[in-house]
Amino acid sequence: MASVGGLAASIVEPRQVFKAAVLANAAAILLAHNHPSGNPEPSREDVAVTRQLVEAGKVMGIPVHDHLILTDLSDDGAPSYTSLAERGLV
């Protein structure tokens with residue numbers, strides 16, 4: 001865990017996100033966070049932070065493979081999530 005947020009926002013610092021990856025000699029990382037609202041759509045801030053972290057990963061040689069936004073199960077019991085990689089944002 002690199003960041004803990006409140007109900008409306010979270011401060012994400014690239015150095016904290018990549019700290020564990022650097023210490024573990026990771027070849028790549030996946031990002032994930034939850035939306036307690038149940039809406040898996042990425043906010044403007046989600047997209048901006050993802051782009052910032054993708055660029056930081058390029059500089060460090062640790063690519064970001066995806067950023068997942070997770071929510072509770074949907075009404076039919078299926079997992080509810082959004083993959084920013086699937087949307088071409090990673």
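Q: How many helices and strands are there in the protein chain?
A: The chain has 2 helices and 3 strands. Keep in mind that this is a predicted model.

Q: And what pattern do they follow along the sequence?
A: Going along the chain, you read α-β-α-β-β.

Q: What share of the residues is buried?
A: Of the 90 residues in the chain, 28% are buried. The accessible surface is about 6,100 Å², and carbon and sulfur atoms account for 56% of that.

Q: Which residues make up the largest nonpolar core?
A: There are 10 of them: Val17, Phe18, Ala21, Ile29, Leu31, Leu53, Val54, Ala56, Ile62 and Val64. At least two core residues come from each of helix H1 (14–23), strand E1 (29–34) and helix H2 (44–60).

Q: What does Leu31 touch, leaving out residues up to four places away in sequence?
A: Leu31 contacts Val17, Leu53 and Val64, plus Asp66, His67 and Leu68.

Q: OK, on to H1. Which residues are buried there?
A: Val17, Phe18 and Ala21 are the buried ones in H1. Looking down the helix axis, the buried residues sit within an arc of 75°, so they line one face of H1.

Q: What do those buried residues pack against?
A: They pack against E1, H2 and strand E2 (64–70). On the other side of H1, you find Arg15, Ala20 and Leu23 exposed.

Q: What happens just after H1?
A: Asn25 takes a positive phi there, about 55°, although Asn25 is not a glycine. Asn25 belongs to the loop between H1 and E1.

Q: Is Asn25 buried or exposed?
A: Exposed, because its relative accessible area is 67% and the cut-off for exposed is over 50%.

Q: Changing topic: how many salt bridges does a search of the whole structure find?
A: It finds 3 salt bridges.

Q: Which parts of the chain does the one between Glu41 and Arg87 tie together?
A: The side chains of Glu41 and Arg87 meet at 2.8 Å, N to O. Glu41 is in the loop between E1 and H2 and Arg87 is in the segment after E3, so this pair links parts 46 residues apart in sequence. Glu41 is partly exposed at 40% relative accessible area, and Arg87 is partly exposed at 44%.

Q: Where do Glu55 and Lys58 lie?
A: Both are in helix H2, 3 residues apart, which is about one turn of the helix. Glu55 is partly exposed at 44% relative accessible area, whereas Lys58 is exposed at 58%.

Q: What's the distance between the closest N and O atoms for Arg15 and Glu13?
A: That salt bridge has them 3.3 Å apart. Arg15 is exposed, with 62% relative accessibility, while Glu13 is partly exposed at 34%.

Q: Now the surface. Which residues make the nonpolar patch of about 290 Å²?
A: Val22, Val59 and Met60 make that patch. Val59 is part of helix H2 and is exposed, with a relative accessible area of 73%.

Q: Last one: where is Asp72?
A: Asp72 sits in the loop between E2 and strand E3 (81–83), and it counts as exposed at 62% relative accessibility. Asp72 and Asn34 are 38 residues apart in sequence, with their C-alpha atoms 8.7 Å apart in space.

Technical notes. Residues numbered from 1 in each chain as written. Predicted model: local features only at pLDDT ≥ 70, side-chain atom pairs only at ≥ 80, totals over all residues. Heavy atoms only, no water. Core = buried A, V, L, I, M, F, W, Y, C linked by side-chain atoms within 4.5 Å. Buried < 20%, exposed > 50% of the residue type's maximum accessible area, 1.4 Å probe, protein only. Helix = DSSP H or I, 4+ residues; strand = E, 2+ residues; numbered from the N terminus. Contact = heavy atoms within 4.5 Å. Areas by Shrake-Rupley, 256 points an atom, 1.4 Å probe, with all protein chains shown as cover. Patch = residues over 30% accessible without salt bridge, like charges linked within 9 Å, V, L, I, M, F, W, Y side chains within 5 Å. Salt bridge = Lys/Arg side-chain N within 4 Å of Asp/Glu carboxyl O. Arc of directions from axis to C-beta.
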